[in-house]
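Here is a short report on a protein structure. Keep the sequence and the 3D view side by side as you read.

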Amino acid sequence: SLACPDISVWGLERFQEGKEIWITEGIFDTMALVNLGRDAVSCSSAMWSGIQLYQVVKKKPSSIVIFS
């Protein structure tokens, strides 16, 4: 189950195809990385599921950085 079903991956809507994307553990990590100029996303449930990861991969990033 997702904590916020309307938004399963925070920040994904502003991501542009072909850019590097950072996956974080929590929304505050995402906010900090965005303030540093990184394209970062976080899941709303605090635990990534295959469905959420597929949504990230579907955006065709050039690379994925996992930031914990």
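E20 is partly exposed, with a relative accessible area of 31%. The side chain of E20 meets that of R38 in a salt bridge, 3.8 Å from N to O. This pair links distant parts of the chain: E20 is in the loop between β1 and β2, R38 is in the loop between α1 and β3, and they are 18 residues apart. R38 is partly exposed too, at 38%.

The model is a predicted one: local features need pLDDT of at least 70, side-chain atom pairs count only at pLDDT 80 or more, and totals for chains, interfaces and linings use all residues. Residues are numbered from 1 along each chain as its sequence is written, and side-chain values use heavy atoms, with hydrogens and water left out.

**Salt bridges**

A salt bridge needs a side-chain nitrogen of Lys or Arg within 4 Å of a carboxyl oxygen of Asp or Glu. By this rule there are three salt bridges.

| Pair | N to O distance |
|---|---|
| E13 and R14 | 3.9 Å |
| K19 and D39 | 3.3 Å |
| E20 and R38 | 3.8 Å |

What does the bridge between K19 and D39 tie together? K19 lies in the loop between β1 and β2 and D39 in the loop between α1 and β3, so the pair ties together parts that are 20 residues apart in sequence. K19 is partly exposed, with a relative accessible area of 37%. D39 is buried, at 18%. Now take the pair E13 and R14. E13 is exposed, at 61%. R14 is partly exposed, at 39%.

**The sheet and its helix**

The helices (H or I, at least four residues) and strands (E, at least two) are DSSP runs, numbered from the N terminus. Four strands form an open sheet, in the order β1-β3-β2-β4, with mixed pairing. Two strands pair if DSSP finds at least two bridges between them. Why is one side of β1 and of β4 left without a neighbour in the sheet? β1 (9–10) and β4 (64–67) stand at the edges and each has a single partner strand, so one side of each has no neighbour there.

Strands of a sheet pair through backbone hydrogen bonds, either parallel or antiparallel. β2 (residues 21–24) and β4 run parallel, joined by four bridges. In this pairing, W22 stands opposite V65 in β4. Helix α1 (residues 27–35) packs on the sheet and touches β1, β2, β3 (40–43) and β4. The direction of α1 makes about 170° with that of β3. Axes are lines fitted to C-alpha atoms, for helices over the stretch in contact, and angles run from 0 to 180 degrees between N-to-C directions.

D29 lies in helix α1. D29 is partly exposed, with a relative accessible area of 27%. Contact means heavy atoms within 4.5 Å. Not counting residues up to four places away in sequence, D29 touches T24 and F67. The C-alpha atoms of D29 and V41 are separated by 8.8 Å.

**Core and rings**

Which residues make up the largest nonpolar core? There are seven: V9, L12, F15, I21, I23, V41 and V56. A nonpolar core is a set of buried Ala, Val, Leu, Ile, Met, Phe, Trp, Tyr and Cys residues joined through side-chain atoms within 4.5 Å. Leaving aside neighbours within four places in sequence, V41 has contacts that include V9, L12, I21, I23 and V56, and also W22 and W48.

Rings of Phe, Tyr and Trp (its six-membered ring) pair if their centres lie within 6.5 Å; planes under 30 degrees apart count as stacked, over 60 as edge-to-face and the rest as tilted. The count by this rule is one aromatic pair. W22 and F67 form this tilted pair, at 5.9 Å centre to centre and 55° between the planes. W22 is in strand β2 and F67 in strand β4, 45 residues apart. W22 is buried, at 14%, whereas F67 is partly exposed, at 33%.

**Two exposed residues**

I66 is found in strand β4. Is I66 buried or exposed? I66 is exposed, with a relative accessible area of 70%.

K60 sits in the loop between α2 (50–58) and β4. Most residues other than glycine have a negative phi. K60 is not a glycine, yet its phi is positive, about 55°. K60 is exposed, with a relative accessible area of 52%.

Conventions. Buried < 20%, exposed > 50% of the residue type's maximum accessible area, 1.4 Å probe, protein only.
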